[in-house]
Amino acid sequence: MSALEVSGLQKSFGGLRVTREVNLSVEPGERRLIIGPNGAGKTTLFSLITGELRPDAGSIRLFGREIVRVPSRRRAHLGLARTYQIITLFQRETLLHNVMLSLLGLSGLRWNPFRRFAQQAALIEAGRAALARVGLLDMADRPLSDTSYGERRRVEIAMGLAQNPKVLLLDEPFAGLSIEERRDVQGLLASIPHDVTIVMIEHDMDVALEFAERITVLHFGEVVVEGSRAEVVAHPKTREIYLGE
Amino acid sequence: MRRLAALGSLLLALGLLASLPAWIGNSYYVNIASQVLLYAVFALGLNVIVGYAGLVSLGHAGLFGIAAYSGAILITAGYGHFVAIAGALVVTLGVAALFAVLALRGTGLGFVMITVALGQIVWGVAYRWISLTNGDNGVSITSRPAPFGLSLVDANPFYWATLVVFLVAVAAIAIFVASPFGASLRGTRDQPRRMNALGYNVWLIRFLAFLFSGLWSGVAGLLFLYYNQFVSPQTVALTASAEVLLMVISGGTATLLGPIAGALLVVIMKNVASGYIERWNFVLGAIFVAIVIFMPEGLVPGSLRLWRWATRRRRQHPAGPAAMAPVPHGSINGGAQ
């Protein structure tokens with residue numbers, strides 16, 4: 001059974017067909033890279049998978065379960081997590097609070113209006129563990145507004161990992177990072193155990209190609225090439241799209 | 001040490017509030033203090049939705065007034081105070097639920113406009129449904145309740161009763177804001193899309209917060225009814241909604257002390273300054289302009305910022321960098337943020 005199976009997915013904004021017909025099957029534990037030129041519909045595909053956008057047609061299965069009609073927030077509870085290309089974190093809060101909010105989202109405690117959030121030992125412990133995984137434990141109590149861009153990217157990933165997802169969608173995790181920061185994030189992604197299936201959108205070919213086992217090339221809302229690293233790189237269509245030959 | 005200081009100032013404030021009738025002079029000022037407290041409860045309730053949910057409501061006087069009218073109508077119909085209070089709060093919660101369902105179809109300006117419209121509908125009903133609300137003449141009641149046999153007819157006992165309700169409101173809202181649900185609510189204010197993707201039901205969180213906000217607006221409306229023993233369409237007018245919103249904004253949104261400071265400012269200007277200056281509205285307007293220019297975040301956070309800045313400067317100069325320890329944080333606003 002596939003971890004994530006997308007078939008016949010379509011989405012239009014007015015007359016613009018952003019997702020024409022996407023079919024995608026990702027195996028459990030796989031590392032899948034999605035590439036494609038700007039406007040190919042990569043982020044839209046992620047938003048369709050997480051339910052932030054509603055597709056016009058098609059089906060999305062998570063470990064065999066049809067989720068196309070499941071509301072976005074329920075999909076998080078089914079083991080689907082994502083990070084964002086444009087960082088959307090809680091600026092006024094500390095790093096620990098950010099990660100704790102991620103944990104709280106899946107906990108029944110989120111409806112509790114009586115206890116003190118800042119004293120929830122289980123959430124604090126799990127939040128600190130998630131920050132430790134991305135190497136930010138020593139900054140746990142710092143407000144997010146006092147951190148660098150690269151650190152925020154890692155907080156994004158920590159929030160995704162904290163939810164212990166079965167499928168993690170990473171939207172350009174390397175965007176805007178320095179060479180050293182890229183290396184850090186690369187190491188961090190490599191350390192994620194294979195019980196987490198990862199689908200990643202990335203422009204940086206060097207780091208991304210190294211990470212992915214299989215690659216999907218998206219162009220004008222359609223899958224044009226799919227295969228192993230070597231196959232995709234050698235494929236004439238890839239060259240056509242990227243080099244304009 | 002810091003906790004001890006916070007506890008000390010809390011006890012001092014409680015002592016001052018409880019003994020207010022003894023040191024403030026005469027019952028005129030005691031009554032004004034009661035007004036400050038009841039409007040503070042109203043502003044604290046509104047702040048739940050404005051400050052912590054980030055949804056600006058200009059219709060909350062409708063909820064405040066619904067409670068006052070329901071209570072007044074039940075009492076004139078011959079029901080006891082207990083039934084009137086319980087009934088009024090149930091009606092207010094029902095109307096708040098309806099308001100929330102309609103207003104939460106939008107956020108930002110859309111939310112504001114829907115709340116304005118809903119508030120105006122309540123005003124229209126109060127003004128025109130004469131058989132129910134007595135129209136422009138309003139509804140009068142002739143008695144105040146006597147909880148545990150204590151009569152609230154005089155200014156002092158009424159003040160103490162209002163103080164008890166106010167303290168319960170402050171405690172309830174402080175606990176609410178610091179709770180996991182409060183953290184969820186603030187999350188939906190800052191990053192609603194993100195919260196949804198993290199598994200939160202953003203709509204339901206906002207809906208429940210609106211009910212909680214409406215509940216305290218209703219409690220304040222009942223205090224208002226018993227204070228004036230009268231309610232009229234003026235109570236539910238748009239200007240009343242704007243006034244309480246100004247209390248929240250001028251005092252400081254999303255803080256516990258801000259709405260209280262705002263209520264203090266507005267009520268004192270309305271009652272005390274109007275005795276000396278005929279154009280007190282003009283003075284109040286000038287004060288609001290000054291707040292917006294010099295403390296756009298509101299009186300309480302603005303004063304805290306100034307105080308922190310001043311103490312940091314004082315500490316830096318004599319002792320150098322070693323004395324740059326962070327200024328106590330959160331102790332003054334009760335850790336509301």
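Let's start with the buried residues of helix α5 in chain B: Ala84(B), Ile85(B), Ala88(B), Thr92(B), Val95(B), Ala96(B), Phe99(B), Ala100(B) and Ala103(B). Buried here means that 20 or more other C-beta atoms lie within 10 Å of the residue's own; 12 or fewer makes a residue exposed, anything in between is partly exposed, and C-beta atoms are placed from the backbone. Helices are DSSP runs of H or I with at least four residues, strands are runs of E with at least two, and both are numbered from the N terminus.

Before I go on, this is a predicted model, so local features need pLDDT of at least 70 and side-chain atom pairs count only at pLDDT 80 or more, while totals for chains, interfaces and linings use all residues. Residues are numbered from 1 along each chain as its sequence is written, and chains are lettered from A and ligands numbered from 1 in the order in which they are written.

Back to α5(B). What do its buried residues pack against? They pack against α4 (60-76), α6 (108-128) and α11 (202-228) of chain B, where a contact is a pair of residues whose C-beta atoms, placed from the backbone, lie within 7 Å. As for its length, α5(B) covers residues 81-103, which is 23 residues, and reaches 32 Å from its first C-alpha to its last, close to the 33 Å expected at 1.5 Å a residue. That expected span is 1.5 Å times one less than the number of residues. As a reminder, an α-helix has 3.6 residues a turn, so residues three or four places apart point the same way.

Staying in chain B, let's look at α9 and α11. Their axes come within 10 Å and cross at roughly 115°. The axes are lines fitted to C-alpha atoms, for helices over the stretch in contact, and the angles run from 0 to 180 degrees between N-to-C directions. The crossing of α9(B) and α11(B) is left-handed, in the sense that the near helix is turned anticlockwise from the far one by less than a right angle, with clockwise giving right-handed. Ser184(B), Leu185(B) and Thr188(B) come from α9(B), and they meet Val202(B), Ile205(B), Arg206(B) and Ala209(B) of α11(B). By class, that contact has four nonpolar, two polar and one charged residues. For the classes, Ala, Val, Leu, Ile, Met, Phe, Trp, Tyr, Cys and Pro are nonpolar, Asp, Glu, Lys and Arg are charged, and the others, Gly among them, are polar.

Helix α11 of chain B also holds Asn228(B). Asn228(B) is partly exposed, because it has 17 other C-beta atoms within 10 Å.

Now to the place where the two chains meet. The contact draws on 20 residues of chain B and 26 residues of chain A. On the chain B side, α8 (155-178), α9 (180-190) and α10 (192-197) are the elements that give two or more residues. Which of them gives the most? That is α9(B), with seven residues. The chain B side divides into nine nonpolar, eight polar and three charged residues.

Chain A brings us to domains. An automatic or database domain assignment sets the bounds, and chain A is divided into domain 1 (1-79 + 166-245) and domain 2 (92-164). Their C-alpha centres lie 26 Å apart. Each domain of chain A puts 12 residues into the contact between them. On the domain 1 side, α2 (72-77) and α6 (179-190) of chain A each supply at least two residues, and α6(A) has the largest share, four residues. That side divides into seven nonpolar, three polar and two charged residues.

Last, some backbone geometry in chain A. Phe63(A) has a positive phi of about 50° although it is not a glycine, and it sits in the loop between β4 (57-62) and β5 (65-66). Phe63(A) is partly exposed, because 16 other C-beta atoms lie within 10 Å. Phe220(A), also not a glycine, has a positive phi of about 50° and lies in the loop between β9 (214-219) and β10 (222-228). Why does Phe220(A) count as partly exposed? Because it has 15 C-beta neighbours inside 10 Å.

Technical notes:
Two residues are in contact if their C-beta atoms, placed from the backbone, lie within 7 Å.
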